Amino acid sequence: MIRIAIVVLTLVAGVLASLATVWVSAWWSLAAVPLVLLGLLAVSDLVQRRHSVLRNYPVLGHARFLLERIRPELQQYFIERNFDGRPFDRDVRSIVYERAKGTDAEEPFGTERDVYQPGHEFLVPSMAPCPVPRTPPRVRVGGPDCARPYDMALLNVSAMSFGSLSANAVLALNGGAAAGNFAQDTGEGGLSEYHLRPGGDLVWEIGTGYFGCRTRDGDFDAAEFADKAAHDHVRCVSLKLSQGAKPGIGGVLPGAKVNAEIARVRGVPEGRTVISPPYHRVYSTPRELVRFVARMRELSGGKPAGFKLCVGSRRQFLAVCKAMLDEGTTPDFIVVDGAEGGTGAAPLEFADHVGTPLTEGLLTVHNALVGRDCATGSGSVSAARSPRAPTSSSAWSRAPTTPTPRGR
């Protein structure tokens with residue numbers, strides 16, 4: 001009742017100030033206009049049923065929404081330190097901006113960080129530094145079954161799909177890859193003309209939707225895949241099993257976002273909602289997975305083929321290692337995505353609490369490959385589908401449970 005009385009008093013004061021404007025002096029309009037507007041706003045807050053805060057605190061409740069809107073700026077500019085932000089702090093953002101603009105990125109004095117704080121990470125220098133190579137070092141990707149290995153740069157553009165990114169963004173990223181002589185991962189959204197036009201090297205990623213190489217009913221189209229993978233700019237092909245930000249679930253692209261261009265690139269009907277299932281149709285067991293990766297290598301004309309995952313069950317990855325030995329073939333590379341990875345859209349519960357962080361995931365994969373003797377001199381593990389939920393008798397559960405050696 002008190003809030004209603006306040007609203008009524010505000011309206012009455014506004015009416016009286018308006019009458020005073022007419023009968024006494026025009027200067028009363030300076031009070032009349034704000035009082036009338038506040039009164040109308042208060043009435044609107046009282047009768048609306050969307051926000052309980054505004055119904056309980058007319059007018060004043062808007063201050064809460066204002067502070068909530070400017071909270072990120074207050075946090076960034078007045079509260080957090082240069083190295084507090086996540087996932088990238090202000091120091092990192094500043095150095096990226098400076099180096100992108102070609103300005104000096106050096107800092108005077110010393111570090112602001114507490115180097116004795118638990119969890120502080122650092123690199124150890126050598127007492128005998130080597131001469132700087134004339135060309136940046138590269139890693140050869142391609143195992144013994146690979147006819148066309150690829151010498152990959154140490155730093156590359158991670159997976160981001162066309163459709164999630166605009167055409168200009170894809171052009172800029174691939175143009176940078178071409179200028180810097182490194183590779184761009186296409187993401188699972190298909191292989192577009194914007195990936196191919198600048199001439200940068202590409203890692204073509206295939207997800208559960210098989211965008212760009214799918215049949216009308218959503219299955220994998222081997223002929224279309226072989227045709228597109230033959231392009232000279234496609235240097236590697238990758239099968240996405242899961243990603244760090246939302247492992248174990250698929251994705252939904254609303255029909256409103258599927259315009260004619262995206263529909264053409266992804267091979268889906270225009271204007272219709274597209275669902276990427278959480279599982280793959282091309283395999284259901286570890287041995288089928290290994291065989292399909294080998295088939296991707298064959299269809300691409302011998303280019304490096306591998307898969308990407310966010311590590312989950314250690315037992316399941318050991319089952320894949322066992323399948324490599326049983327089949328006598330291995331992927332040319334494995335991309336490990338950490339649970340801290342980002343995405344365009346993911347449930348908060350999955351982003352925060354599902355999947356193995358990058359460092360632990362890399363250790364698990366590396367140790368499993370070395371311990372099961374699956375690593376080769378020309379293969380690689382890099383950092384960047386959960387299978388159908390297995391029963392106790394599933395092939396995914398029949399891996400050995402003995403500890404694996406921790407290799408280096």
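A residue is called buried under 20% relative accessible area, exposed over 50% and partly exposed in between, with a 1.4 Å probe and protein chains only. This is a predicted model, in which local features need pLDDT of at least 70 and side-chain atom pairs count only at pLDDT 80 or more, while totals for chains, interfaces and linings use all residues. Residues are numbered from 1 along each chain as its sequence is written, and side-chain values use heavy atoms, with hydrogens and water left out.

Select Phe225: this residue is buried, its relative accessible area being 0%.

Rings of Phe, Tyr and Trp (its six-membered ring) pair if their centres lie within 6.5 Å; planes under 30 degrees apart count as stacked, over 60 as edge-to-face and the rest as tilted. The structure holds five aromatic pairs.

Next, select Phe162 and Tyr194, a tilted pair with 5.4 Å centre to centre and 45 degrees between the planes. Phe162 lies in the loop between strand S2 (150–153) and helix H6 (167–180), and Tyr194 in helix H7 (residues 193–196), 32 residues apart. Helices (H or I, at least four residues) and strands (E, at least two) are DSSP runs, numbered from the N terminus. Both Phe162 and Tyr194 are buried.

Return to Trp204 and Phe225: their ring centres are 5.2 Å apart and their planes at 20 degrees, so the pair is stacked. Trp204 belongs to strand S4 (residues 201–206) and Phe225 to helix H8 (residues 222–229), 21 residues apart.
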